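Subject: The structure I promised you

Hi,

Here is the structure we talked about. Have it open while you read, and click on the residues as they come up.

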Amino acid sequence: MHELGIIVHITKTLQSVAAENNLREIASVTLEVGEVSSIVPDYLTDCWQYYRKKFPLIEHAEMKIEMMPAVTYCESCEKTYPTVEYGRQCPHCGSWETYLVTGDECNIREIEAQ
Amino acid sequence: MYKVYEIKKRIFDDNDQEAEKVREELKADGTFLINLMSSPGGGKTTTLKRTIDALKEEMRIGVMEADIDSAVDADAISETGAKVIQLHTGGMCHLDADMTRQGLEELGTEDIDLAILENVGNLVCPAEFDTGAVKNVMILSVPEGDDKPLKYPLMFQVSHCLLINKIDALSCFDFDFDACRERVLRLNPDMKIIPISAKTGEGMDEWYGWIREQVKEWKEAGK
Ligand SMILES: Nc1nc2c(ncn2[C@@H]2O[C@H](COP(=O)(O)OP(=O)(O)OP(=O)(O)O)[C@@H](O)[C@H]2O)c(=O)[nH]1
Ligand SMILES: [Mg+2]
Ligand SMILES: [Zn+2]
Ligand SMILES: [Zn+2]
């Protein structure tokens, strides 16, 4: 399952951050997830509930997810528009010369820990 | 007392670093690794079999199969006489660099010139996880349609070579080559595009030529 693979990577990153900073316990993890990333937030938190139990470091850590809106920029008319609604074609001028500015993120923003 | 620590890391960062290490090891061993991706049924196994038959006299080939839960493809490949191992993805829909490394260890890369990884049939997440391969090759088959680049842009962005397969079936589908090529090149101007039929062998010589060139360059880079 895709979300489980992602949780495995988050956990590895947290373990190395904990080792660098001498952390024993993580209380929460805040993620930034883009609207057009391949991640389904509900699945992700479900996987987290199950996976965190295996590691004392994150056993009680709450997962917080902040959704980031997807925005596309049009090179032809230099305007931006919401990606989810209009896709790759610019609704202002009809051009295909567009690229995603934000919305495919999948970042660990911060943790609370001691 | 809990303190807030800013992390600001992409979730894929740790995998990307691992993948970089895998590539360095491959370079030292002189092993060129292709990550082969496509939709289910795009023709990965058929293409692989024909490729092995054509190239096995001139290079040592090893294959890693990532079929979700069967050994069907691994059995098909072993008929060619190439070294093949089955990867254990634990039901996962993609492979990451860690799993690739385990597979490479099992395969033993010291005496392999060309290693090919048949990824899980899926156009979404294999594109997000760098496996550590030297080059990503994607197969798009004619029945899937020429609009796939619009639906799965990331896969086309991370691939270096695109095989448009099943061209023997062109007459049954209205697949517009020029439109497809334009869409692909808009996403990825450096993409090498090769139309093939893994069934009849049409177009395959150009593909073999690409592999020969890449393997040679990689070995020279590792010297
Ligand atoms: N007509 C035609 N059929 C092909 C061609 N290449 C593959 N096929 C057929 O397409 C089907 C799927 O081919 P596979 O090689 O098993 O595809 P795959 O990508 O390995 O499939 P999975 O591993 O299940 O994702 C088989 O029935 C093949 O015979 C081709 O060039 N032309
Ligand atoms: Mg197959
Ligand atoms: Zn996946
Ligand atoms: Zn515009």
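Predicted model: local features only at pLDDT ≥ 70, side-chain atom pairs only at ≥ 80, totals over all residues.

Residues are numbered from 1 along each chain as its sequence is written, chains are lettered from A and ligands numbered from 1 in the order in which they are written, and side-chain values use heavy atoms, with hydrogens and water left out.

Start with His2(A), where UniProt (unreviewed entry) places the feature "binding site". A word on such records: UniProt positions are given in the numbering used here, feature names are shortened, and annotations may be inferred rather than shown by experiment. His2(A) is part of helix α1 of chain A, residues 2-21. Helices (H or I, at least four residues) and strands (E, at least two) are DSSP runs, numbered from the N terminus.

Is His2(A) buried or exposed? It counts as buried, because its relative accessibility is 8%. (Buried means under 20% relative accessible area, exposed over 50%, and partly exposed in between, with a 1.4 Å probe and protein chains only.) Leaving out residues up to four places away in sequence, His2(A) touches Ser38(A) in chain A, and from chain B it touches Cys93(B), His94(B), Cys125(B), Glu128(B) and Phe129(B). Contact here means heavy atoms within 4.5 Å.

Now hop over to Phe129(B), which sits in the loop between β5 (114-118) and β6 (135-141) of chain B. Phe129(B) is buried too, at 2% relative accessibility. With residues up to four places away in sequence not counted, its contacts include His2(A), Ile6(A) and His9(A) from chain A, plus Phe12(B) and Asn15(B) from chain B.

**Around ligand 1**

Next, zoom in on ligand 1. Of the 16 residues around it, Lys44(B), Thr45(B), Thr46(B), Asp168(B) and Ala198(B) come nearest. (To count as near, a residue needs a heavy atom within 4 Å of the molecule or strand.) Helix α2 of chain B (residues 44-55) gives the largest share of this shell, three residues. By type, the shell divides into two nonpolar, eight polar and six charged residues. The sorting goes like this: Ala, Val, Leu, Ile, Met, Phe, Trp, Tyr, Cys and Pro count as nonpolar, Asp, Glu, Lys and Arg as charged, and the others, Gly among them, as polar.

Here are some distances you can check yourself:

- A polar backbone atom of Gly43(B) is 2.9 Å from an oxygen atom of ligand 1.
- An N or O atom in the side chain of Glu118(B) is 3.0 Å from an oxygen atom of ligand 1.
- A polar side-chain atom of Lys166(B) is 3.1 Å from an oxygen atom of ligand 1.

Taken alone, ligand 1 exposes 650 Å², and the protein buries 67% of that. (Accessible areas come from the Shrake-Rupley method with a 1.4 Å probe; for residues, only the protein chains shown count as cover.)

Ser38(B) belongs to strand β2 (residues 32-38) of chain B and is buried, at 0% relative accessibility. Its side chain is joined to that of Lys44(B) by a polar contact of 3.0 Å. A polar contact is a pair of N or O atoms within 3.5 Å; within protein, one must be able to donate a hydrogen and the other to accept it, and residues adjacent in sequence count only if both atoms are side-chain atoms.

Asp113(B), in the loop between α4 (97-107) and β5 of chain B, is buried at 10% relative accessible area. The side chain of Asp113(B) makes a polar contact of 2.8 Å with the side chain of Lys219(B).

Where else does UniProt put a "binding site" (unreviewed entry)? The annotation covers Cys74(A), Cys77(A), Cys90(A) and Cys93(A). They span 20 residues in sequence, yet no two of their C-alpha atoms are more than 8.7 Å apart, so they gather at one spot. Cys74(A), in strand β3 (residues 71-74), is buried at 0% relative accessibility. Cys93(A), in the loop between α3 (83-86) and β5 (98-102) of chain A, is partly exposed at 40%.

Enjoy looking around!
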